[in-house]
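Thank you all for making time this morning. I would like to walk slowly through one chain, so please have its sequence and its fold on the screen as we go.

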Amino acid sequence: MSQDKITSFKGNILVVDDITANLNLLSELLSSAGYKVRPAPSGKLAIQSAQSTPPDLILLDILMPEMDGYEVCAKLKASSKTKDVPVIFVSALHEVFDKVKAFATGGVDYITKPFQADEVIARVETQLRISRLARQLAEQNIRLQAEIEERQRVDAEMQSARAFVDSIVENIPNMIFVKDAAQLRFVSFNKAGEELLGYSREELIGKNDYDFFPPEEADFFVAKDREVLASGEVLDIPEEPLQTKNKGIRILHTKKIGIRDATGKTQYLLGISEDITERKIAEEKLRTSEANLAAAQRIAHMGNWEYNFVTQKFTWSEELFRIFGLDPSGYEPTYAELLEKIYPDDREMFEWHVQRAIASGIPYDIDFRFFLPSGEIRYLGTRGEGIANEEGEVVKLFGTAIDISDRKQVEEALQLAKEAAEVANHAKSEFLANMSHELRTPLNAILGFAQVMQRNSSLSTQDREYLNIIMNSGEHLLGLINDILDMSKIEAGKIKFTETSFDLHRLLASMEEMFCIRASSKGLQLLIECCEELPQYVQTDEAKLRQILINLLDNAIKFTESGLVKLRIKAELVQQKQLPITDYQLFFEIADTGPGIHPEEIEILFLPFIQSTSNRRYNEGTGLGLPISRKFVQLMGGELTVDSQLGKGSTFKFDIPVQLAQSTDIKIEQPIGRIIELAPNQRKYRILVVEDNLTNRLLLIKLLTSVGFQVAEAVNGQAAVDVWKSWQPHLILMDIRMPVMDGFEATKLIKQAPNGKETVIIALTASVFEAQREAILKAGCNDFISKPFQENLLFEKIAAHLGVLYTYQAQAQPTSPGGESIEQLTPEALTVMPKEWLAQLNEAAETCQDENILALLDQIPKSQEALKLALIDLVENFRLDIIFELTQAATQEAA
């Protein structure tokens, strides 16, 4: 997997020297100073490495075989990718001629061997600082040029500003005019003014209102002009009629203001007039429409009312009389009479809303019950709002009312249905809890005793194969059970989002390790591509993300017969106002070159227990992988989608938000060997096993006694309490579902005793529901373990609570599948093979062609079986880089 990790270092330095001792000396010196070092033993490899990923600086030897340092530097400077990388020559040549030639070929400095470590570090830091300053200077020049261009642009904009403003005035749809303050003659008009009045600008300039309008209109306009000039304030005329030349009388909304000169004297009068004739016509149409709407409300049996709380008088529409079962020709009830008609339990609520509307003008929308004259109870939905006078005081309430009795009946029926559904859902949860217990309890015994048997070193090879089949089959069955229970938990709304901090790069690497062999066995290429911005440490639900990727990659490889499967991950930084929180949006794509999915099947692809035609052909799985994955993605804040073409393949996409985490937040578990016994010189630990199931009880006793614990047993909660009182165990493994007395009650009784809190109680549960786990901890248990469990988890929990120390089985040395020891590889070991073979293996390793490598390894003779096994071990552990380095060194030695 090619994956860029985000690492903090002072700089990337390429060190080129054909002498290994010099190469190692410089690499160690620079690495200890905080630099990332890439060694290259030859000029050719140095050029290839620099072209692939240009370093920040190059330390270059001169005297090298095949290609000396001068030629290497010249080639680097001739390439656009590496021409700006500073080169410091490090050579034993000390003549002036050599140094001049080094600088002539493009070197920036020259260090003579033997050198001082401080001198090398100082010169490297100086050249890196110069390089950075050069880049900063170039960036500053670019910014300066941009500023100059921006200033020129602003100047150009300022020059056109007046023309722009003039254009706005000219093209604005409202009439704009200017008069001189002395004689009130027009001095300016825009195009809209010409079109409104029907006169050209030439006709208007120099004239006054009396030259164009009737005397009574002209008198009005002049009076308003004088008022503006006298007050010096803006005058807003909401409506004024205007006789035009061609459009008849128009209604204008006009604003006028005086314009002063630098001395404060008013020189001009500016007017802006909007033609609101069409708006006034529309308002009249709106009033007519509102009248029609009122009639429609009557037809729809919706009543309206008005209440004057000063006079305590109601005004009702005819329809409201009918709703209350009253004669419309009669009189409206008073407020007190209305309260009598309202159901007693609803009167206080009704009065509170009415009084609040009167006091603060807050509208209301409420439902209440009322009595018909026959005594029948009906429901009324009413809305009300205040009507204020000119002083802003609420003097009336106005509203609508509609009989909603039928709707309420429907709502009550729906509520009853909802309650019935909740009862059914609770019954389903109980069923799932029982099924979880009944399925996982015997499976715990199967997997548990299989683990116990694995501890027996006397088993034959065939017996171990049978045992592995039992373990694999049991774990497969557990996976199917977990899928079904996960889907049930999702449907019951019991799946929770559990955020943790984890190493995303490590997770992706584990995906590659998990699926690469399977993909390779089918002749598929598995690619995982990560963007450079992908954060390494993030916070989200790691378990659910892992399960999603496993489901999607498993499907992609299962249904793809040829080609490749690609996992692509991109990251986008999400800007946050609250720092230092940093959010990313991660985008995942899983693409394959499989048969594709028929468009009609895409609609049912994410339905539980439904399998596509392709899936049915393979006759595998439960049809729950994709539905569970989609629900998990949705729970994590994203959405899972699919694009597919028949015969070309499918691409599943999803994105999720994550937060950046710190490396210190990540707990890294180091692999250890199998526990074989308690470490010496410890106290004798007493553990009580409480389990009604004989098989599971024997399993726990066998596991615990095999490593040296003192164990007692109890078959139910009551027996557990009795044994605890007499034996005082240090720790109790407490089953939850038991006859006579369950684990909850037994835990409470023990913890309530005077010295009960000193006893650690770990619950054993086959439940997968979070609610029961919370109840377990609430009852007083210190921890819990889910059945079926791995023996190492059981021992880890005990150690965490009691401080127990164990003795572990030593880790085995690397061996082949047949048990042969794997040789420690050296370049000399490879020289037994022909040069042509070494060159082919080197090329295959450099281009990551593992299939070609394995084909070449088959050519190794039987006499060199240890060499073959060692190389195969490197291929299986994805260390093609070591094979490349070994073959490179072996080729040079053979030469």
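This is a predicted model: local features need pLDDT of at least 70, side-chain atom pairs count only at pLDDT 80 or more; totals for chains, interfaces and linings use all residues.

Let me begin with one side chain: does Arg-322 count as buried, partly exposed or exposed? At 46% relative accessibility, Arg-322 counts as partly exposed, where buried means under 20% relative accessible area, exposed means over 50%, and partly exposed lies in between, with a 1.4 Å probe and protein chains only.

Residues are numbered from 1 along each chain as its sequence is written, and side-chain values use heavy atoms, with hydrogens and water left out.

On confidence, the mean pLDDT of the chain is 83, and 84% of its residues reach 70 or more, pLDDT being the predictor's confidence in each residue, from 0 to 100. Over residues 615–622, however, the pLDDT stays under 50, and the model has 15 contacts there beyond four places in sequence, a contact meaning heavy atoms within 4.5 Å. The stretch 811–822 is also below 50 in pLDDT, with 13 contacts in the model beyond near neighbours in sequence.

As for the overall build, the chain has 29 helices and 29 strands, which are DSSP runs numbered from the N terminus (H or I, at least four residues, for helices; E, at least two, for strands). Of its 895 residues, 40% count as buried.

Now back to Arg-322, whose side chain meets that of Glu-319 in a salt bridge at 3.3 Å, N to O; the term stands for a side-chain nitrogen of Lys or Arg within 4 Å of a carboxyl oxygen of Asp or Glu. Both residues lie in helix α10 (residues 318–323), three residues apart, about one turn of the helix, and Glu-319 is buried, with a relative accessible area of 7%.

In total the structure holds 41 salt bridges, and another of them joins the side chains of Asp-367 and Arg-407 at 3.1 Å, N to O. Because Asp-367 lies in strand β13 (residues 364–371) and Arg-407 in helix α13 (residues 405–454), this pair ties together parts that are 40 residues apart in sequence. Asp-367 also meets Lys-408 in a salt bridge, at 3.5 Å, N to O, and here the parts tied together are 41 residues apart, since Lys-408 lies in helix α13 and Asp-367 in strand β13. Lys-408 is buried at 17% relative accessible area, whereas Arg-407 is partly exposed at 42%.

Let me turn to the aromatic rings. A search of the whole structure finds 23 aromatic pairs, counted when rings of Phe, Tyr and Trp (its six-membered ring) have centres within 6.5 Å, with planes under 30 degrees apart called stacked, over 60 edge-to-face and the rest tilted. Trp-316 and Phe-324 have ring centres 4.9 Å apart and planes at 35°, so the pair is tilted. Phe-588 and Phe-654, with centres 4.7 Å apart and planes at 10°, are therefore stacked. This second pair links distant parts of the chain, 66 residues apart, with Phe-588 in strand β20 (residues 583–592) and Phe-654 in strand β22 (residues 649–660), and both of these residues are buried.
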